[in-house]
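Please load the model in your viewer and keep the selection tool handy. We will go from the whole chain to single residues, one stop at a time.

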Amino acid sequence: MSSTDQDPDRLYSAREPIFPRRVSGTFRSLKWWIMGITLGIYYLLPWVRWDRGPNLPDQAVLIDLANRRFFFFWIEIWPHEFYFVAGLLIMAGLGLFLFTSALGRVWCGYTCPQTVWTDLFILTERWIEGDRNKRVRLWKSGWDAHKIRLRVTKMILWLLIAVATGGAWVFYFADAPTLLGNLLTLQAHPVAYTTILVLTATTFVLGGFMREQVCIYMCPWPRIQAAMMDEDTLTIGYREWRGEPRGKHRKAEGAENLGDCIDCNACVNVCPMGIDIRDGQQLACITCGLCIDACDDVMEKIGKPRGLVDYMALSDESRERAGQAPKPVWKHIFRLRTVLYTTLWSAVGVALVVALFVRSEIDMTVSPVRNPIFVTLSDGSIRNTYDVRVRNMHGEPRWFHITVTPNDVFSVEVEGAANGMVEVAPDATALKRVYVIAAPGTDAARAAQTDLRIWLHDIEADERAYKDTVFNGTEIR
Ligand code: SF4
Ligand code: SF4
């Protein structure tokens, strides 16, 4: 019985263990490559160094929560630039829509962390306990020294993978070599140990014991993806019109009426979800393609064409049943829906790249102080106060000059700074109180509101930024 079979009279069905058999072929190779690349990136990326100068971290990818920065190689994202992260998330979502509408659940089958880590856990299991038949025998056998030794070895390796996975995660949030030293000498922050503990436990349980149950019961994606698929989506299916009636005994009487499926169960035995693709499209199928590899291997051995189990589109079924050739793959992939997703994805990507290249290295925010709205000075001048936050996004200290326009109407003073000159530390912000003054009797001193522009000039880079605000005169009363 597969794990997905249900007894209608029972409310609960215990998990049936699945023992996927080793398989080789195009899709298995693709999955090995993707697994190697994604795991390599995940485990090694925090250790890649990137020189940003003396005042900035030299970790290529760093989520610096303490200083509210995200470093990605040469890019540094500040909190006010969160739209870059939002844009990347939108691109990731659109990319997922695009691939799902074109190729079904490729995310689930090849790149989802649950799939990748489950593959790694199964690989370890197979290495220790052997391939499918040996694992089935071991599972059915009683407990003896041999079984205990294999189980303990497997658990230790799983645990090491889980610890490495949880450990790698925290290195993205602090300088990796320093944090590793602190972790080993028990000087790291308790949050780091707690995070590692939680991720170790989840990796160990989800990859070792829950595997397909995460996809079937816990993940919402299988339910959502149907909205992105249509009859032209390429997904994995069984050419039932070619395979049926299935039968093992090719030399028996009447065998000439059998279809191509020899009912060898190779496709079922390699399936990490424990399902039979010949039963049709199922929610449990993550479209990993392993059943294609298994069946193609069988077809080659019995001298039949490959593709009894294959990527195919629903819209081709009637054509194939009628003996016609299926539509070319590109016609399934390039259709209105995928072109629309690609266009949106590209538009967001181009907008982000443009925003990245035109963004200024200096920035400011201006908050008028409204309590009181204005102050009348002893000579009758009217003064408004503004809190100006100056951002220096450079890796070295910078001098900034704060001025206002129109400068024939207003004069400016910066608290604690001579001539409006302000020094800001590298990669930091400075909050300055700025006083703007209108001479007595001038229009600006009397008018309810006068437009005002506060300027910030980076002397060294000769870069300027400004913010518009208003100056409140006495008539506001
Ligand atoms: S049925 Fe085939 S494609 Fe679907 S999960 Fe099983 S092996 Fe992967
Ligand atoms: S691997 Fe192919 S031939 Fe064997 S049972 Fe599956 S569909 Fe039939």
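Here is a tour in stops, each with something to select and a note on what is there.

**Before you start**

This is a predicted model, in which local features need pLDDT of at least 70, side-chain atom pairs count only at pLDDT 80 or more, and totals for chains, interfaces and linings use all residues. Residues are numbered from 1 along each chain as its sequence is written, while chains are lettered from A and ligands numbered from 1 in the order in which they are written.

**Stop 1: the whole chain**

Show the chain as a cartoon and you will find 17 helices and 14 strands. Both are DSSP runs numbered from the N terminus: helices are H or I with at least four residues, strands are E with at least two. The radius of gyration of the chain is 32 Å, well over the 23 Å that the globule rule gives for 477 residues, so the chain is more spread out than a compact globule. That radius is taken over C-alpha atoms, and the rule is 2.2 Å times the number of residues to the power 0.38. Along the principal axes, the C-alpha atoms fill a box of roughly 115 × 60 × 45 Å.

Now colour by burial: 26% of the 477 residues are buried. A residue is buried if 20 or more other C-beta atoms, placed from the backbone, lie within 10 Å of its own, exposed if 12 or fewer, and partly exposed in between. Among the contacts with a separation of 6 or more, 67% are between residues 24 or more positions apart; a contact needs C-beta atoms, placed from the backbone, within 7 Å.

**Stop 2: helix α8**

Select residues 190–210, which form helix α8. At 1.5 Å a residue, its 21 residues should span 30 Å, and the end C-alpha atoms are 28 Å apart, which agrees; the expected span is 1.5 Å times one less than the number of residues. Which residues of α8 are buried? They are Ile196, Thr200, Thr203, Phe204, Gly207 and Gly208. Look down the axis of α8: its buried residues fall within an arc of 95°, so they line one face of the helix. The arc is that of the directions from the helix axis to the C-beta atoms. Their cover includes α4 (113–129) and α6 (145–170). Turn to the other side of α8 for exposed residues, among them Pro190, Leu197 and Phe209.

**Stop 3: Phe173**

Next, pick Phe173 in the loop between α6 and α7 (176–184). Phe173 counts as partly exposed, with 17 C-beta neighbours inside 10 Å. Leaving aside neighbours within four places in sequence, Phe173 is in contact with Ile63 and Leu65. Draw a C-alpha to C-alpha distance from Phe173 to Ala192: they are 19 residues apart in sequence and 9.3 Å apart in space.

**Stop 4: the two ligands**

Select ligand 1, which 13 residues surround; the closest are Cys271, Ile277, Cys285, Cys288 and Cys291. A residue is near a molecule if its C-beta atom, placed from the backbone, lies within 6 Å of it. This shell divides into 11 nonpolar, two polar and no charged residues. Here Ala, Val, Leu, Ile, Met, Phe, Trp, Tyr, Cys and Pro count as nonpolar, Asp, Glu, Lys and Arg as charged, and the others, Gly among them, as polar.

Move on to ligand 2, with 14 residues around it; Cys261, Cys264, Ala266, Cys267 and Cys295 are the closest. The shell around ligand 2 holds 10 nonpolar, two polar and two charged residues. α12 (266–269) and α13 (290–301) each supply at least two of its residues, and α13 gives the most, with three.

**Stop 5: backbone details**

Asn265, in the loop between α11 and α12, has a positive phi of about 65° although it is not a glycine. In that loop you will also find Pro245, joined to Glu244 by a cis peptide bond with omega about -5°.

For another cis peptide bond, select Thr405 and Pro406, where omega is about 0°. Pro406 lies in the loop between β9 (398–405) and β10 (410–414).

Finish at Asp427, in the loop between β11 (421–424) and β12 (428–438). Its phi is positive, about 50°, and with 22 C-beta neighbours inside 10 Å Asp427 counts as buried.

Methods
Contact = placed C-beta atoms within 7 Å.
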